[in-house]
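Morning, everyone. Please keep the view open while I talk.

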Amino acid sequence: MSPAGTPPLRVGTRGSALATTQTGHVARRLEELTGRDVEIVRIRTDGDVLTGSLAQMGGTGVFVTALREALLDGRCDVAVHSLKDLPTEPAPGLTVVTPERENPRDVLCARGGLTIATLPRGARVGTGSPRRAAQLRSVRPDLDVVDIRGNVDTRLARALGPDADLDAVVLAYAGLARLGRLDAVSEVIDTAIMAPAAGQGALAVEVRTSSLDDPVLARALHDLDHEPTRLAVLAERSLLARLEAGCAAPVGAHAQVEDGEIALTAVVARVDGAEQLTHSGRTTVPVGAPSQDARDDAARALGARVADALLADGAARLAPLRETGAGAGSGTAEATTRPATAADADPSPDRAVETAREQLRDGGYRGEAE
C-alpha cells in the first residue's frame, strides 16, 4: 500500500490482451520496488483503431504516440511498450529502461505439429510482417504467404480454429509466452532461418525524465533495467537507425551479450525472399567504465558498424533503405564485419530446415503436395 498521502503510480498501456498482460508484469514489479499502489491506465492508440497494413498506417509509431502523449500531459506516470514498436530516434523529455528480455525468436503455429520444413507445397502461411514474409519465402518460396492483421487470438484462430483458412501463422515467441499460449507453437524458428525484429521480445518502460527527480522511482527504474538486454537492443536498434529502415523493410537483427562481448547478426532481404544479405560483428563490453555511457556507446557503435557493412555490400538494392552508410571506420567499438557463414548461426540448427534449404538450392522444394 502506498505511504499516506502518496498517490498511486499510474501505468499506461494499450488495451489489447497482450499489452495489458505484459504491463501487468511491469506494474507488479514497480509496486514491489517503490512500495506504492499501481493503477493501470488503458490508452487507445491509432494502431488499435485503424485497419490496413502497419506500413500503410504510418509504421510502428501508431502504437506509441498516444501513450507518449498521455505520459507527457500527465495522464499516466509510466508507459509500457513493446520495444520493437518504439521509433529508433529518442523522444525529448522521456527516458526508457528495459527489463529482462523474453526469448526474441519467431515461432510457427501450424496444425498437426508441422514445421517450416514439413509444411506441404503451397501451404498458406499468415504474417503481418514483411521481415517474416521475406525470410519465410527465402527458405520456402513455394509457400503462399498471406498478409494478416489482428490480435494474437484472431491470428491463431486463422490457423488453428474450427474455421481456419490458413495452414499456419508466424508469431513472436515472447507474446505467446506472456499470454500462456506456447501450447500453440509447433516450431521455434532458429534465428539462422528467421532473424527477429530489432528489439523483439523486449519491453520498454518509459517515464518523463523529470520524474527521475523522485529518488524512489529513479532507484526502482534502475533496478528494473537489465543491462544485457539494454546493450543487445541498443546494438539492434542502432543498426536499424543507421539503415534508416522502417517497418516495411525486411530487416532482422539479433544481438546477444555473453562472456563480456556483444555479438550482433543482421539480415536484409528482398521482399520476395529471392536474395538476402547477412553480416555479423562483435565488440568487447568496456570493463570498469565510469558510467554506463561507455558500454551503451560500444553497443551503438557495433550496430552502426554492421549496418555500414550491409550498406557497403548493397543492402539498399534489396530493401527500401538509405543509399549509403556513414563509413565503416567510424565509431569506437572494435567490431568485425563480414558475410555470415555457418559458424555465425546458432549451434545445431534443426536438420529438417537445413534439408529444406539444400533441396531449394538443388532446384526447388520437394515436399508433399496437399
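Start with strand β8. A168, V170 and A172 point one way from β8, V169 and L171 point the other way, and all are buried. Buried means under 20% relative accessible area, exposed means over 50%, and partly exposed is in between, with a 1.4 Å probe and protein chains only. β8 covers residues 168-172, and five of its five residues are buried.

Some ground rules. This is a predicted model: local features need pLDDT of at least 70, side-chain atom pairs count only at pLDDT 80 or more, and totals for chains, interfaces and linings use all residues. Numbering runs from 1 along each chain as its sequence is written, and side-chain values use heavy atoms, with hydrogens and water left out. Helices (H or I, at least four residues) and strands (E, at least two) are DSSP runs, numbered from the N terminus.

Now the neighbours of β8. Strands count as paired if DSSP finds at least two bridges between them. Strand β5, residues 106-110, runs antiparallel to β8, with five bridges joining them. Strand β6, residues 124-127, pairs with β8 in the parallel sense over two bridges. There, V125 has A168 as its bridge partner.

Zoom out to the sheet. It is open, has five strands in the order β7-β6-β8-β5-β9, and its pairing is mixed. The edges are β7 (144-147) and β9 (187-188), each pairing on one side only. Helix α5, residues 130-139, packs on this sheet and touches β5, β6, β7 and β8. Contact here means heavy atoms within 4.5 Å. The direction of α5 makes about 125° with that of β8. Helix α6, residues 152-160, lies across β5 and β8, at about 150° to β8. For these angles, axes are lines fitted to C-alpha atoms, for helices over the stretch in contact, and the angles run from 0 to 180 degrees between N-to-C directions.

Next, the cores. A nonpolar core is a set of buried Ala, Val, Leu, Ile, Met, Phe, Trp, Tyr and Cys residues joined through side-chain atoms within 4.5 Å. The largest has 28 residues, and L239, L243, V251, L264, V268, L310 and L321 touch the most other members. Elements giving two or more residues to this core are α9 (227-243), β11 (251-258), β12 (261-269), α10 (292-312) and α11 (315-318). A second, separate core has 16 residues, including V125, A133, A168 and V170.

The axes of α9 and α10 are 7 Å apart, at an angle of about 35°. Among the residues making that contact are L239 and L243 of α9 and L310 of α10.

On to the loops. D259 lies between β11 and β12. Its phi is near 50°, a positive value in a residue other than glycine. Is D259 buried or exposed? Exposed, with a relative accessible area of 81%. E261 has T284 as its bridge partner in β13. Six residues lie between these two strands in the hairpin, where G273 takes a positive phi near 75°.

Last, cysteines. How many disulfides does a search of the whole structure find? Zero, taking a disulfide as a pair of cysteine sulfur atoms within 2.5 Å. C76 is buried at 0% relative accessibility. C109 is buried too, with a relative accessible area of 0%.
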